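Have a look at the model first, and then let us walk through it together.

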Amino acid sequence: MLSGYGGQVLRVNLTDRTIEKTELDPELAKDYLGGRGFAAKILYSEVEKGADPLGGGNKLIVAAGPLSGLLIPGAGKTTFAAKSPATGGYADSNMGGLLCAEMKYAGYDLIIFEGISSEPAYLFIDDDTAELRDAKPYWGQGCITVETALKKELGEDFQIATVGPGGENLVKFACISHDFGRQAGRAGVGAVMGSKKLKAIAVHGTKDIPVADMEEFRRIGREMYDYCRASDGWEVWYRLGTAGVNVPSNEWGSFPTRNFQSGYFEEIETLTGEVMRETIVITDKACFACPCACGKYSYSKKWDIHVEGPEYETTAFLGANVAVSDIEDVAYANHLCDELGIDTISAGNVIAFAMECFERGIITGEDTRGLGLSFGDSEAVFELIEKIARREGIGDVLAEGVKHAAEVFGGDSADFAMHIKGLEISGYESRNAPAMMLAYMTADVGGHHNRAWAITYDIEVGRDAITEYKAAQVIELQHVRPLMDCLGACRLQWVELGMPLDYYAPAMKAITGLDRSWEDLLHISERVWNLTRAFWAREVEGFGREWDYPPPRWYTEPVPTGPTKGKFVAREDVEKLLDMYYNQRGWDTNGIPSREKLEELGLDFVAT
Amino acid sequence: MNNVQLTLVGLLKKCGPAQSPLSVESGRTVMEVITDLGLDPDLVAIVMVNGRQEFKSYRLQEGDNVKLVPMVGGG
């Protein structure tokens, strides 16, 4: 049995309701590690070219990594992946919590869902028992409600992932929810799960995970834990969580405000992590094996609701980006999204887009059935969230995402539809941060920050600079951060607590018994990055450079307010950034990996 | 009177004075102190005063305990 792995793959065909167990292929584990690496390889190899993302031919992959479920700080990241219904390209999205640990204790590194069930179903796993069960009683109910009910029915030890009405109604940014407020939120993995009529996954396991060198593993795991606890950043991160970034992001001019019209929200004083801590946070919440507990669990007296968060991204999108400055209103909007099962980032992006269209007269009360859409109107935000999740009225258009909404609304709205590759951009206004902009342009799921949070390099070497160094750092980050998603571990111990990356290769050696350097692991991450790019090139007709462009707002419209006032990245600089990036990656000028690069990375099977 | 204790955290230790914690004057804003120390304000991500997050416009008071926390490079 492979050290570090559960050892089995569960393949669930929802159409004919068969469940097959196979041994995990050691070559797959060696060449792709786990998590997103497994997902990318399986999607490329098994999903037929041109498959409908919401059809039976698409697959939903749930993957743990070799660190998942072991006592390494933050080793609780589960990857969900599919061909994206939002973009038509590659998608993976990961969540913290406890799901991947429980999967591995039941003996599974991978669950692959195929086909479509005729009736709502959920997958029940209790060690070697795996069966599809009736989910009709839960269909139509919210994520948190169903998780609570399944815990009551099956037992507290079961770990649950669910979709809500958003996933059932195929909202293109529906999420998958777990642990009462953790989500795989991006690129519509929840819509794929909903399209399969799969309401939930419930898993419980009691087995051991084999470890090659237990003594060395314990030593390294303990040392990593101690490093986190002793870190200078621990106290801050524990107190504020990701919402601690609200203030610096606003000071950098990066806090998306009024549909990214600006990066500076003048009412930040009521949206800080400190205000949140003192007014609504009731406790701290950690994922598996994490000594940091950056999750903040909150209660809003105003709305009488509980919610995990709001996180930085949610405060940005359901706060500043829609110009709502009451933290309790942000918390309520967060609660609605969590229960209905839609991504707060895309929801806040598309609602802000509708507000800007309304204020510019591109859409009117006729389009909204009388609902006024003005920035700062919390009630309108709440109503649109409901309408999107249930696809009612204008919500049916917005549920398709901002790219589609711009096509429907027309006018010049495409110029300020804030997406890349069809995925709504996440929480960093980047007109004075070219490295961050390049990171968004080239992220392999569309406009998302978590593949490379490169704004650090903009600040380090000068905000205006367009340099080869910045392109190189974006590429480096795009290998390091997604490597964590292959390992099944969180990156924040490194990013926020400064934990040296030097720990990971020795930890992997102790766990798996395979002697690989950090560079060896990065090489695998580069392989996965090129494979996801190849997936895009195969699935999206005409895919290339044009798909990496940011929205016109970012290269034509100077920032009107705040510390970055007057700044934007000129179109010729956008082209320069892409030239540098493609060249350094070994891709052609259209952004397609060269045959030499694919072969160097062991991707000979990829068609070009 | 230098009655405010200021600690540089993480990478900021390499950018500011070798000595940490430092004693600085009350009555000044955190931004003024950051500038006096020759630090790039954008590199100082989070300002903690007596365990609470404050803005850089915060005016230091006697006995305050201040931590300046950087954005972590490479994040």
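Chain A is assigned domain 1 (8–204), domain 2 (240–417) and domain 3 (429–498 + 516–600); such bounds come from an automatic or database domain assignment. The centres of domain 1 of chain A and domain 2 of chain A, taken over C-alpha atoms, are separated by 26 Å. Where these two domains meet, 34 residues of domain 1 of chain A are in contact with 24 residues of domain 2 of chain A. Contact here is a matter of C-beta atoms, placed from the backbone, lying within 7 Å. On the domain 1 side, helix H4 (143–154), helix H5 (165–168) and strand S11 (182–184) of chain A each supply at least two residues. Helices (H or I, at least four residues) and strands (E, at least two) are DSSP runs, numbered from the N terminus.

A few words on provenance: this is a predicted model, in which local features need pLDDT of at least 70, side-chain atom pairs count only at pLDDT 80 or more, and totals for chains, interfaces and linings use all residues. Residues are numbered from 1 along each chain as its sequence is written, while chains are lettered from A and ligands numbered from 1 in the order in which they are written.

Now for chain B, where 16 residues are in contact with 18 residues of chain A. Strand S3 (44–49) of chain B gives the most to that side, with three residues. The table sets the two contact sides next to each other by class. Ala, Val, Leu, Ile, Met, Phe, Trp, Tyr, Cys and Pro count as nonpolar, Asp, Glu, Lys and Arg as charged, and the others, Gly among them, as polar.

| Chain B, touching chain A | nine residues | five residues | two residues |

As for confidence, the predictor gives the complex an ipTM of 0.93 and a pTM of 0.97. The mean pLDDT of chain B (the predictor's confidence in each residue, from 0 to 100) is 88, and 92% of its residues reach 70 or more.

Back in chain A, there are 26 helices and 17 strands. The C-alpha trace of chain A spans about 60 × 55 × 50 Å along its principal axes. Of the contacts in chain A with a separation of 6 or more, 70% are between residues 24 or more positions apart.
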